[in-house]
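Please look over the two-chain model below.

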There are 2 protein chains.
Amino acid sequence: MQKPLILITNDDGVFAPGIRFLSQVASKYGEIVVVAPDKPQSGMGHAITINATLRLQKTNYHNASIEMACSGTPVDCVKMAVNHVLKRRPDLVLSGINHGSNSSINVIYSGTMSAAIEGALEGSRSIGFSLCDYSIDADFTPCESFVSSLIEKALSHSMPKGVCLNVNLPKLAANAIKGIKVVRQAKAQWIERFEERKDPYGRDYYWLTGEFVNFEPESTDTDEWALANGYVSVVPTMVDLTAHGAISQLKIFES
Amino acid sequence: MQKPLILITNDDGVFAPGIRFLSQVASKYGEIVVVAPDKPQSGMGHAITINATLRLQKTNYHNASIEMACSGTPVDCVKMAVNHVLKRRPDLVLSGINHGSNSSINVIYSGTMSAAIEGALEGSRSIGFSLCDYSIDADFTPCESFVSSLIEKALSHSMPKGVCLNVNLPKLAANAIKGIKVVRQAKAQWIERFEERKDPYGRDYYWLTGEFVNFEPESTDTDEWALANGYVSVVPTMVDLTAHGAISQLKIFES
């Protein structure tokens, strides 16, 4: 029997420790192909490259059968891998492990999760992994058994069409992680603040900063609750931005 | 009584004809503030700028009380406008008019719609407008009465929290447009093809191209159907990427 084909990407770039950890864990379960951005692409959301050209370059950082750095966004990487690099559809797309949380509202800004969503749109089973630790030196090893278990289950169970998993891993010691919860995305928001500075030439520039606010800290069926209580959170994620519940109310806009 | 405060942005850039047309139409209904990208940002999705600085520069292309070109993405523009430029929350955020369709799956790649979504997340009523004509010389005038009517209704009706409108305008003569339909996002996808070329130095590069496939051409309650049948499509749009229907099925991933 053919080994499962596992495509791996991320948004921190092909040389990030998080993707290396992921490709090592995943290599136990199949043939690994890595197509990942050639530079950090955090916050890129579902961006694609349509006004510029794309490049692919071979790299040699992972133990993969094919490994490429792509000049585009995380979503570009999945599209190029599936439609150009690979000869057959991957059995599983893995994105991450992101250095930093992609729970709740962060899912829409996240290149890591957009790549996972694109994997599901392209018809593969797909998982995005994020560790709640932004440090480049983050320790991924406490999560290894959970990452393994989710990959194993994803390969052995069918997934609803177009649905991927948004997995967030708490920053805890292995024996402090209580288990895995399948939950929904918490209602939350960033309250932004633009930090104003002057450049050496006296002109203003800005850094986007902000504070995360969970609007429903009491709800126990959300990813934020799971993470705050020592669980790995798994949110089944798909793209249908239609507010179905609002359609009848908004029929007033018809003419 | 204070005039409504209307924030206008887009993804084609502050100098695009589409945003100029929109600001002219909207100026009948309130005080106009324009904060839009300083260059085309098509396909940027919900990207935000976190690894680079942001700049704002005054421009003078619209008949607006404040007008700024921002070096960031469409979502950055809304965040900067709401949290830095404006003294009060806008009553209405308008994004567009995009040169090209943002119906169906295009909503996730669209900077125009991501800006509209961000407007709703920031607590304002919000509409993204797109004309199904990619040309820079597209004629927006046939749609004027529909754009006006939607702005007027949005200012006079409350909207469900977090929901914005994804409005697509067919490329038709004014008297050929049959009306406005409030519908859902059609299930569709792009089948990508990467066009391979050689640069003058003999190295490969690629252009993302593709073909749009509507998976449910028979359904009459979708945006694609409405547009194909001569209607303006209005999809109530919000960000909750949770596949709620899949949560119970995927409880098998818990441990």
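The sections below go from the pair of chains to single residues.

## Basis of the model

This is a predicted model, in which local features need pLDDT of at least 70 and side-chain atom pairs count only at pLDDT 80 or more, while totals for chains, interfaces and linings use all residues. Residues are numbered from 1 along each chain as its sequence is written, and chains are lettered from A and ligands numbered from 1 in the order in which they are written.

## Symmetry and interface

Chain A is superposed on chain B by a rotation of 180° with 0.0 Å of shift along its axis, and the RMSD is 0.0 Å. The two copies are thus related as by a two-fold rotation axis. The superposition is by least squares on the C-alpha atoms of residues with pLDDT of at least 70 in both copies.

Between the chains, 64 residues of chain A are in contact with 64 residues of chain B; contact means that the C-beta atoms of two residues, placed from the backbone, lie within 7 Å. At least two residues of the side of chain A that touches chain B come from each of α2 (74–85), α3 (111–121), α4 (144–156), β8 (179–182), β9 (188–198), β10 (204–214) and β11 (231–237) of chain A. The largest share, five residues, is supplied by α2(A). Helices (H or I, at least four residues) and strands (E, at least two) are DSSP runs, numbered from the N terminus. Of the interface residues of chain A, 100% are also interface residues in chain B, so the copies meet through the same surface.

## Helix α2 in both chains

In chain A, nine of the twelve residues of α2(A) are buried, so this helix is largely enclosed by the rest of the structure. A residue is buried if 20 or more other C-beta atoms lie within 10 Å of its own, exposed if 12 or fewer, and partly exposed in between, with C-beta atoms placed from the backbone. The buried residues of α2(A) are A:Pro74, A:Val75, A:Asp76, A:Cys77, A:Val78, A:Lys79, A:Met80, A:Ala81 and A:Val82.

In chain B, the axes of helix α2 (residues 74–85) and helix α3 (residues 111–121) come within 7 Å and cross at roughly 30°. Axes are lines fitted to C-alpha atoms, for helices over the stretch in contact, and angles run from 0 to 180 degrees between N-to-C directions. From α2(B), B:Pro74, B:Val75, B:Cys77, B:Val78 and B:Lys79 meet residues of α3(B), including B:Gly111, B:Ser114 and B:Glu118.

## The nonpolar core

The largest nonpolar core has 158 residues, and A:Val35 and B:Val35 touch the most other members. Such a core is a set of buried Ala, Val, Leu, Ile, Met, Phe, Trp, Tyr and Cys residues joined through C-beta atoms within 7 Å. Leaving aside neighbours within four places in sequence, B:Val35 is in contact with B:Leu7, B:Thr9, B:Met68, B:Cys70, B:Cys77, B:Met80, B:Ala81 and B:Val85.

## Two residues of chain B

B:Ile19 is placed in helix α1 (residues 17–26) of chain B and counts as buried, with 29 C-beta neighbours inside 10 Å. Beyond four places in sequence, the contacts of B:Ile19 are B:Ile8, B:Asn10, B:Asp12, B:Val14, B:Ala36 and B:Gly96.

B:Lys3 lies in the segment before β1 (5–9) of chain B and is exposed, with 11 other C-beta atoms within 10 Å. Apart from neighbours within four places in sequence, B:Lys3 is in contact with B:Gly30 and B:Glu31. The C-alpha atoms of B:Lys3 and B:Ile32 are separated by 9.7 Å, and these residues are 29 apart along the chain.

## Backbone details

The peptide bond from A:Gly96 to A:Ile97 is cis, with omega near -5°; A:Ile97 belongs to strand β5 (residues 92–99) of chain A. In chain B, the bond from B:Gly96 to B:Ile97 is cis as well, with omega near -10°, and B:Ile97 is in strand β5 (residues 92–99) of chain B.

A:Ser104 is not a glycine, yet has a positive phi of about 50°. This serine is in the loop between β5 and α3 of chain A, and A:Ser104 is buried, with 27 C-beta neighbours inside 10 Å. B:Ser104 has a positive phi of about 50°, lies in the loop between β5 and α3 of chain B and is buried, with 27 other C-beta atoms within 10 Å.
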